[in-house]
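Please open the model in your viewer and keep the selection tool at hand. The stops below are arranged so that each selection leads on to another.

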Amino acid sequence: MTVVRTSVLPPYAAHLRVYEPLAAYPEPERAGWRAYAAEHGPDATAAEQSVAAAVLAEQREALAELAARTPRALPEKESGRAYLRVVDGVLYVCPWATRLRSWQALEELRTGAPVALLDAAVPPVTRVAAEADRERWLAGHPDARPWILTSRWEVPVHWFLPFGDEDRCFVPGGTGGADDGGAEGERGRPAALFYLVPMAQARRRVARAYRALREAVPEGELVRGAEQVGRWLEEFHPRSLVELDYGGLVHLLGPERLLADRSAGELEDGLRALRAGDTVEALRAYGELTVRWRRVSALRHAN
């Protein structure tokens, strides 16, 4: 169990994670994660518990790297750490894979940031070296994929497809205590909003949504998102767990909006209307959900 005391708020980013059962990892990797779990303990011992404290620990570690005397834009080696959940006596592992995710983040930065900002943040010589390292590593790991996807300033609407409203779990921030599972920050237990479902259920929901969307709006943004999420989920063990974590967005949205947020349920209602042939209601539900999250995303431009 990770215990974090900090006044630093996490970045405004949401995360889509897959936790694979320990048995899904081949030896000697399995033995390594078993030893890691024995040393560190699980970050959550029940489905309704959040891993928010462990997320803060990962982000503090990344911040320490950037603030070091010789800052490193990318890790020199892959992280040996993971988020750990225990559900019904089974240990589930979600490796951080920080180096792999850093390469992907650098690619996103390269394609989305102004050149002057990119060069200031990550000089060209560093980017060239990172790309060369990535190509060498991928040559030996052709099937590599991250267990964690990250979205800054918003939750992409298609990320809600694997979940239903009944999977929603809101954990208000608290002052810590015996029932906090040790996840106590300087200001108390971190608030969290997340969804957690078995992989089989997540795949069924995405596949059903994809079929309905492909028939109704084959060129729509949501059908492309459903295809992307579906393909990513197929990369993992069928007995895995899938989690959507609002992460640092809880600090952006605030407690009242978090309590009222039913995004997965609203999308589910829209898809139900679409399957019933009520296109008007489906479009209304999707439109309202999309507009609301675009307003959240627009806050990135606020000063």
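In which loop does Asp88 lie? Asp88 lies in the loop between β2 (82–87) and β3 (90–95), where helices (H or I, at least four residues) and strands (E, at least two) are DSSP runs, numbered from the N terminus. Before going on, note that this is a predicted model, in which local features need pLDDT of at least 70 and side-chain atom pairs count only at pLDDT 80 or more, while totals for chains, interfaces and linings use all residues. Residues are numbered from 1 along each chain as its sequence is written, and side-chain values use heavy atoms, with hydrogens and water left out.

**Backbone stops**

Stay with Asp88, which has a positive phi of about 55° although it is not a glycine. Asp88 is exposed, with a relative accessible area of 79%; here buried means under 20% relative accessible area, exposed over 50%, and partly exposed in between (1.4 Å probe, protein chains only). Select Ala97 next, in the loop between β3 and α3 (98–112); Ala97 also is not a glycine and has a positive phi, of about 50°, but Ala97 is buried, with a relative accessible area of 4%. Then move to Pro28, in the loop between β1 and α1 (29–40), and look at the peptide bond from Glu27 to Pro28, which is cis, with omega near 5°. These stops are worth a look because most residues other than glycine have a negative phi, and most peptide bonds are trans.

**Val87 and its surroundings**

Return to strand β2 and select Val87, which lies in that strand and counts as buried at 13% relative accessibility. Not counting residues up to four places away in sequence, Val87 touches Ala47, Tyr92 and Leu241, contact meaning heavy atoms within 4.5 Å. Val87 and Thr45 are 42 residues apart in sequence, and their C-alpha atoms are 6.3 Å apart in space.

**Aromatic rings**

Now display the side chains of Phe, Tyr and Trp. Rings of these residues (for Trp, its six-membered ring) pair if their centres lie within 6.5 Å, and planes under 30 degrees apart count as stacked, over 60 as edge-to-face and the rest as tilted. By this rule the count comes to 11 aromatic pairs. One of them is formed by Tyr12 and Trp153, edge-to-face at 5.1 Å centre to centre with 65° between the planes. This pair links distant parts of the chain, with Tyr12 in the segment before β1 (13–21) and Trp153 in the loop between β4 (148–152) and β5 (168–171), 141 residues apart. Tyr12 is partly exposed at 28% relative accessibility, and Trp153 is partly exposed at 22%.

Select Phe160 and Tyr195 next: their ring centres are 6.3 Å apart and their planes lie at 80°, so this pair is edge-to-face. Phe160 belongs to the loop between β4 and β5 and Tyr195 to strand β6 (residues 192–198), 35 residues apart, and the pair links distant parts of the chain. Phe160 is buried at 1% relative accessibility, and Tyr195 is buried at 0%.

**Helix packing**

Axes are lines fitted to C-alpha atoms, for helices over the stretch in contact, and angles run from 0 to 180 degrees between N-to-C directions. The contact is made by residues including Gly270, Ala273 and Leu274 of α9 and Ala285, Leu289 and Trp293 of α10.

From α9, turn to its packing with α6: helix α6 (residues 199–216) and helix α9 (residues 263–275) pack at an angle of about 50°, with their axes 10 Å apart, which makes α6 oblique to α9. Among the residues that meet here are Arg205, Arg208 and Ala209 in α6 and Glu268, Leu271 and Arg275 in α9.

**Whole chain**

Finally, zoom out: the secondary structure of the chain comes to 10 helices and 7 strands, and buried residues make up 46% of the 303 residues.

How values were computed: Angles under 35 degrees count as roughly parallel, over 145 as roughly antiparallel, 65 to 115 as roughly perpendicular and the rest as oblique.
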